[in-house]
Amino acid sequence: MAGILRSKLVALAAAGLVLLTLIAVTVARWQRPSKEQPQVTATQSGDAGKPWLDAWQRPETTDPKVYASAYATAIWTYDTTVHGYFDWQNAAKMFADPMDEGGPRVAGSMLPDFGQWEQLDLHDAKASVSDVSAETPPELVRLGKRPGTPEGWHGFVVRGQQTNVIDGEPRITPRSVTVAVVCTPQCRFWSATADGPL
């Protein structure tokens, strides 16, 4: 019983830490001067000229919920039998404005590290995601109303069911990520914080 209570307390503390991290990243980005830079469209092929997975395509949209959901789908979808780690990194980074100093780095940081990728690759792992939903909890609504919030800023908690196939054995894992986007009117990635294992 104590172990279950401890697990719940740890999960609650972790969720609070994630929200605080998102707030800190967002506030830090607000402090930087805004630069209007041209948007660059994602390429449709990876480093080896192979087509990217459909789930990796960055949408051209003015709908922040669609954009946040597409980003989450991209970071939860991979196929080690077809693509390399840097293809996946590049796909995630393309959601951010490439002229933004930190955006691509933060967008790519939501993926496992290279060592974890190598382990997945050894087992011909692949993953897809379904039941993707995005909602804006009250904390993110309040954050969006703070003075200095960039015009067109929207925050979402995106959830989905990831199906991992490792050595041919499927396993379903719930996923969650907090994503902020800015749409003025075209949407682009702003920041993200992992709410659980990726």
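Which residues form a disulfide, and how far apart are their sulfur atoms? Cys183 and Cys187 form it, with their sulfur atoms 2.0 Å apart, where a disulfide is a pair of cysteine sulfur atoms within 2.5 Å. This is a predicted model, in which local features need pLDDT of at least 70 and side-chain atom pairs count only at pLDDT 80 or more, while totals for chains, interfaces and linings use all residues. Residues are numbered from 1 along each chain as its sequence is written, and side-chain values use heavy atoms, with hydrogens and water left out.

**Disulfide**

- The structure holds one disulfide, and the link of Cys183 and Cys187 is right-handed, with 105° about the S-S bond.
- Both Cys183 and Cys187 are buried, a term that means under 20% relative accessible area, with exposed meaning over 50% and partly exposed in between (1.4 Å probe, protein chains only).

**Strand pairing**

- Helices (H or I, at least four residues) and strands (E, at least two) are DSSP runs, numbered from the N terminus, and two strands pair if DSSP finds at least two bridges between them.
- Strand β2 (residues 126–135) runs antiparallel to strand β3 (residues 153–166), the two being joined by eight bridges, and Ser133 stands opposite Arg159 in β3.
- Strand β3 is also joined to strand β4 (residues 169–183), by 14 bridges in an antiparallel arrangement, and Gln161 has Pro174 in β4 as its bridge partner.
- The hairpin of β3 and β4 has two residues between the strands, and Asp167 in this hairpin takes a positive phi near 55°.

**Helix α3 and its cover**

- In helix α3 (residues 85–93), the residues Tyr85, Asp87, Trp88, Gln89, Ala91 and Ala92 are buried.
- The cover of the buried residues of α3 includes α2 (64–75), β1 (78–79), α4 (103–108) and α5 (114–122), with contact meaning heavy atoms within 4.5 Å.

- Arg58 is placed in the loop between α1 (2–31) and α2, and it counts as buried because its relative accessible area is 10%.
- The side chain of Arg58 reaches the backbone oxygen of Met94 at 2.8 Å; a polar contact is a pair of N or O atoms within 3.5 Å, and within protein one must be able to donate a hydrogen and the other to accept it, while residues adjacent in sequence count only if both atoms are side-chain atoms.
- Gln162 lies in strand β3 and counts as buried because its relative accessibility is 1%.
- The side chain of Gln162 reaches the backbone oxygen of Trp76 at 2.8 Å, and it also makes a polar contact with the side chain of Asn164 (3.3 Å).
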